[in-house]
Amino acid sequence: MTQHPPVFPFNILPMLNETAHTSEKKELKSVTNLRFEHFNTGHPGDKVDLGAASFIFWKSIWQDTFDELGVTKQVWSDDFLHRELVGFFDNNRPVGLVLFRYLDLNRPSHRSVSYFQNHPKDVLDKSFSPCDLTQVSSHITIDKKWTKSQTDYPLSELLISFCLLDFLQNRKAKRMLAYLRNNRGIQNIFYRHGAEALARNVHAYNVDVDFVQITRAKAHLSTLSGCDQLALYFWNQKLNDRKGAVHDDQSRSNTNFHSATGKPHSQNELGESSFI
């Protein structure tokens with residue numbers, strides 16, 4: 001049976017503020033003032049506006065990034081749509097996000113997605129062995145005003161922790177894959193989550209990258225002080241919000257059923273709800 005991460009009490013935040021920072025960091029922006037969201041970009045439900053704002057934010061930053069690297073590449077929405085998005089929002093303005101999806105590498109169509117176009121053959125051989133359900137994360141996107149030098153905790157570290165938590169709670173997924181820019185130290189975020197290198201310092205998009213994987217056996221939350229507890233705080237808060245929403249839906253369903261029939265729902269009529 002899958003074990004869910006422990007639920008931390010909400011008074012963890014004062015503890016983090018007291019113990020994890022030096023006096024020099026008092027002026028930094030607090031990540032806990034942001035809102036954490038998780039939704040599918042192709043089917044955002046009631047988060048259509050957040051999805052639209054996230055796409056504009058994502059496209060602008062990545063087009064600028066490719067231009068700065070001297071890469072002739074048009075950023076299309078294909079790389080954004082039908083992905084899971086975990087992100088931080090300042091009110092309704094996105095300030096940090098990452099995308100991920102699950103690929104069944106047993107299927108030729110999944111092994112032929114454009115994501116793998118820059119993978120050297122030896123890396124592809126490692127990536128496709130074994131062929132299994134794999135989480136592929138990409139496009140870490142951070143607002144320049146919310147980079148790690150300006151916040152009490154790095155958004156990028158927490159975002160990868162969210163990807164890892166989703167991965168660990170997906171019973172069928174066996175690995176996480178990513179390739180990461182080394183000139184910004186992004187590869188180290190994954191290594192702090194238990195990643196192992198499939199290849200180091202491979203040239204792609206005019207910059208050196210590491211190809212990495214995280215297996216279930218070696219996965220763990222970030223070793224950066226305080227980030228593991230804060231990631232669990234946000235993650236559990238979102239799970240509790242979802243449970244509350246489903247509970248409200250079930251209560252409304254129960255009320256409507258009673259109004260229509262004059263009798264309450266039985267447990268079998270209501271069914272059961274499962275969260276991740």
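## Aromatic pairs and rings under charges

Two rings of Phe, Tyr or Trp (for Trp, its six-membered ring) are taken as a pair if their centres lie within 6.5 Å, and the pair counts as stacked with planes under 30 degrees apart, as edge-to-face with planes over 60 degrees apart, and as tilted otherwise. By this rule the structure, a predicted model, holds 19 aromatic pairs. Ring pairs join F36, F88, F162, Y233, F234 and W235 into a cluster.

The charged end of K29 is placed over the ring of W146, at 4.8 Å from its centre, and R216 lies over the face of F167, at 5.1 Å from the ring centre.

## Basis of the values

In this predicted model, local features need pLDDT of at least 70 and side-chain atom pairs count only at pLDDT 80 or more, whereas totals for chains, interfaces and linings use all residues. Residues are numbered from 1 along each chain as its sequence is written, and side-chain values use heavy atoms, with hydrogens and water left out.

## The chain as a whole

The protein chain contains 8 helices and 7 strands, these being DSSP runs numbered from the N terminus (helices H or I, at least four residues; strands E, at least two). Of its 276 residues, 45% count as buried, a class that means under 20% relative accessible area, with exposed set at over 50% and partly exposed in between (1.4 Å probe, protein chains only).

The chain exposes about 14,600 Å², of which carbon and sulfur atoms supply 50%; accessible areas come from the Shrake-Rupley method with a 1.4 Å probe, and for residues only the protein chains shown count as cover. Among contacts (heavy atoms within 4.5 Å) between residues at least 6 apart in sequence, 73% join residues at least 24 apart.

## Q63 in helix α2

Q63 belongs to helix α2, which covers residues 48–68, and is buried, with a relative accessible area of 17%. Its side chain reaches the backbone nitrogen of V75 at 3.0 Å, a polar contact in the sense of a pair of N or O atoms within 3.5 Å, where within protein one atom must be able to donate a hydrogen and the other to accept it, and where residues adjacent in sequence count only if both atoms are side-chain atoms. Apart from neighbours within four places in sequence, Q63 is in contact with K73, Q74 and V75.

## Salt bridges

Side chains of opposite charge can pair when their charged atoms come close. The structure holds 11 salt bridges, each defined as a side-chain nitrogen of Lys or Arg within 4 Å of a carboxyl oxygen of Asp or Glu. One of them joins K47 to D46, with the closest N and O atoms 3.4 Å apart; K47 is partly exposed at a relative accessible area of 21%, while D46 is exposed at 70%.

R200 and D210 meet through their side chains at 3.7 Å, N to O. This pair links distant parts of the chain, with R200 in strand β6 (residues 196–204) and D210 in strand β7 (residues 207–215), 10 residues apart. R200 counts as exposed at 52% relative accessibility, whereas D210 is buried, with a relative accessible area of 3%.

## Backbone geometry

Most residues other than glycine have a negative phi, and most peptide bonds are trans. The bond joining S129 and P130 is a cis peptide bond, with omega about 0°, and P130 is found in the loop between α4 (121–127) and β4 (133–142).

Within strand β4 itself lies H139, a residue other than glycine whose phi is positive, near 60°; H139 counts as buried at 18% relative accessibility. Y205, also not a glycine, has a positive phi of about 55°; Y205 is found in the loop between β6 and β7 and counts as partly exposed at 24% relative accessibility.

Key:
A charge sits over a ring if NZ of Lys or CZ of Arg is within 6 Å of the ring centre and within 35 degrees of the ring normal.
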